[in-house]
Amino acid sequence: MTRKYWIFLNIWAINAFTSSGYIGKDGVSFRTKSSILKYKYAVTESTIETIINTGFSTSTCGSEILRITSKDLALKDYYSLALTSSGQLLFQYRLYGSEFNTVIQAPVEGPFCDGKRHDVIVRRDARKVSFQVDGGVTQKLENGRMLIVTFSKPDVIVLGGSGKRKFYGCVYNATVEMQWTGMSATTVDILQLLDARDPMVSSEDVIVGGCVKPYAECLPLRSHLTLSDGNGSIASPHINQRFNNLSACVWVIEVPQGYRVKLRMRFMRVNDSSLCTSRYVEVLEGKEGEASVISRYCSVRFIPHEPIYSTGPHLTVRLQTEDSEALVFTASYSTASLSEGPCPAQADLTSAHGTFSSPDFPYSYGTNRACSWIITVPSDKHILITFRPDDFSIAGCHGNCMCDYLELREVDDGRRNAYGRYCGDIAPSPIYYPGHKVSLGFYSNGVESRKGFNATYEAIEPITDQCPEHKVLAATGGVIRSPRFPLPFPGQMDCLWEIRGDPGSRVEFMFSDPLYLDMACTDYIELSDGKDKDSRTFVKKYCISDDIPPPFVSKNHKLFVRFVSDRYRVLTGQMAGFVATYVIRRPAKAKERAFYILAFFL
């Protein structure tokens, strides 16, 4: 049964940044005691009007979301947007030694620390304060006790709180607009500046993405979760959620038929556990109880930066830790098509040239992999697949290719017939496929894993004339070359030329350079004579030489030249093939013979 959908996992040991605009969509997550995000004003002045616009979600009450401090250390002015222990939202500020508190009411009854997203706009203009929550009605207040209305020299905007007021949750947007007394108004979008790597922004343990929905949070009474919503995030419990009896969390991610799931690890930090027995994140193929381990991660040094895919519609992620602060991680998942990723169930490659590789190349390709590609080029072209000598290592079980292997299959009326299977540590010779459509499959078992392969393919003109099954050459002289010379010749070639002169003549065959084909003579040139191709008598074999081999003269008027190459090319870096010339020597006087040979080369 063909599996149609896969699951994608990508891992980082530090904060993950992507293209501009990503943060604005998925926000940033504060999961650790040290998670904090700051923006420092390069130029500052006193201000009388400030607008704070933020969106957040958290399940932790009694925390501070945002604080703006003053550069004026004597006055210690500040703004603060915080959650009370009962879940109310409190806007606090201090101006010239006087402190003011405004409780912000939610449009729907319930605490702000309910795990749901809330969007809040707070505006202080002189003595007036207005606020809007979740798109509701704007509420306005006025503070008649305020004597001085200016905020002295704003200095730093801080997201994430600290100490007992530490914020654990997500911030989706955070902008602060200041109307200065002596300058033009400015607006600071902190997340946008973080995404742009602005030098005035600093952060620690701030995780791009990884904003966990309440139903995906791992809790003591809900530590085994099944997620089938198609996209979201998972994370280790943050400090305030951890209890001594919560040592393991399990998430089973499932997708409907017709899709695969993409799981990206956004952040991971772990106190090293080299034995991977007490603190680790484990990724498994399939549902819990039926799953096989894809990989286990217990040290940031060994976390791959390339995607990891499952081969079925379910992926299980298991967190194990005996220490509440020993391991922190977040990951996001989404629905994707089966053709995505380095180990697709079936990827269609239709460009005139391109690349494909084993999963996670050049890292270990993993166990129990099943990847498939179909290359299709224009109908009048053939396909050539090449490998770099240092970019091929597939565990082959002593060379019989029964464990892990790359296989080519002919595509004929929907059927796929085996064409060639490759494994080992020696890169294959270029693979020439005499058709415009071929299927490739890469398979690994559950035992050994190596770095795999990286291959390129291209559409080329047919080389049938360069490697004939049997071609008669009746001219008085000519040239024979290895297929695609001076480019490397493909593997699995078997070419035969019959040089035929008039009865009584002889064939003189000459190489133009030393030969460097194969030390074991599995790639070779064979000369033979005989009445016809089926009754040939072997004469000489060539494969490697220090000097140009001496000319060879046949015993009769026919000479058969055969070129054979096997699947693997051991020798590299020298002449890619061979070039040879031939001359038909007729019975004649010596001077006449010399004249014909000289005329041919001129």
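Me: Is Phe 30 buried or exposed in this predicted model?

Reply: Burial is read from relative accessible area, and a residue under 20% counts as buried. Phe 30 has a relative accessible area of 0%, so the residue is buried.

Me: What is the geometry of the pair Phe 511 and Phe 578?

Reply: This pair is edge-to-face, with 6.4 Å from centre to centre and 75 degrees between the planes. Phe 511 is in strand S38 (residues 506-511) and Phe 578 is in the loop between strand S42 (558-564) and strand S43 (579-585), so parts 67 residues apart in sequence are tied together. Both Phe 511 and Phe 578 are buried.

Me: How many aromatic pairs does the whole structure hold, and which residues do ring pairs link into a cluster?

Reply: A search of the whole structure gives 24 aromatic pairs. Ring pairs join Phe 356, Tyr 365, Trp 373, Phe 387, Phe 392, Phe 442 and Phe 453 into a cluster.

Me: Where does the charged end of Arg 296 sit?

Reply: For such a case, one reads the distance from the charged end to the ring centre and the position relative to the ring normal. The charged end of Arg 296 sits over the ring of Tyr 280, at 3.9 Å from the ring centre. Arg 67 likewise lies over the face of Tyr 78, with 4.5 Å to the ring centre.

Me: In which strand is Tyr 78, and what stands opposite this residue?

Reply: Strands of a sheet pair through backbone hydrogen bonds, either parallel or antiparallel. Here, strand S6 (residues 78-83) and strand S7 (residues 89-95) run antiparallel and are joined by six bridges. Tyr 78 stands opposite Arg 94 in S7.

Me: What is the strand order of the open sheet that contains S6 and S7?

Reply: The order of its seven strands is S8-S7-S6-S5-S12-S3-S15, with antiparallel pairing. Strand S8 (98-104) and strand S15 (201-204) are the edge strands, each pairing on one side only. On average, neighbouring strands of this sheet are turned by 15 degrees against each other, direction ignored.

Me: Where is Leu 37 placed, and which residues does Leu 37 touch?

Reply: Leu 37 is in strand S3 (residues 36-40) and is buried, with a relative accessible area of 0%. Residues up to four places away in sequence aside, Leu 37 touches several others, including Phe 30, Ile 157, Leu 159, Leu 194 and Val 206. Leu 37 and Leu 194 are 157 residues apart along the chain, yet their C-alpha atoms are separated by 8.8 Å.

Me: What is the order of the open sheet of four strands, and which strands stand at its edges?

Reply: The order is S27-S34-S29-S32, and the pairing is antiparallel. Strand S27 (353-357) and strand S32 (431-433) stand at the edges with a single partner strand each, so one side of each has no neighbour in the sheet. His 382 stands opposite Ile 460 in S34.

Me: How many residues of strand S28 are buried, and in which sense does S28 pair with S26 and with S33?

Reply: Strand S28 (residues 370-376) is mostly covered, with five of its seven residues buried. Three bridges join S28 to strand S26 (residues 347-349), and these two run parallel; Leu 349 has Ile 375 in S28 as its bridge partner. With strand S33 (residues 437-443), S28 pairs in the antiparallel sense over seven bridges; the bridge partner of Thr 376 in S33 is Lys 437.

Me: How many helices and strands does the chain have, and what percentage of its residues are buried?

Reply: The chain has three helices and 43 strands. Buried residues make up 52% of its 602 residues.

How values were computed: Residues are numbered from 1 along each chain as its sequence is written. This is a predicted model: local features need pLDDT of at least 70, side-chain atom pairs count only at pLDDT 80 or more; totals for chains, interfaces and linings use all residues. Side-chain values use heavy atoms; hydrogens and water are left out. Buried means under 20% relative accessible area, exposed over 50%, partly exposed in between (1.4 Å probe, protein chains only). Two strands pair if DSSP finds at least two bridges between them. Rings of Phe, Tyr and Trp (its six-membered ring) pair if their centres lie within 6.5 Å; planes under 30 degrees apart count as stacked, over 60 as edge-to-face and the rest as tilted. A charge sits over a ring if NZ of Lys or CZ of Arg is within 6 Å of the ring centre and within 35 degrees of the ring normal. Axes are lines fitted to C-alpha atoms, for helices over the stretch in contact, and angles run from 0 to 180 degrees between N-to-C directions. Contact means heavy atoms within 4.5 Å.
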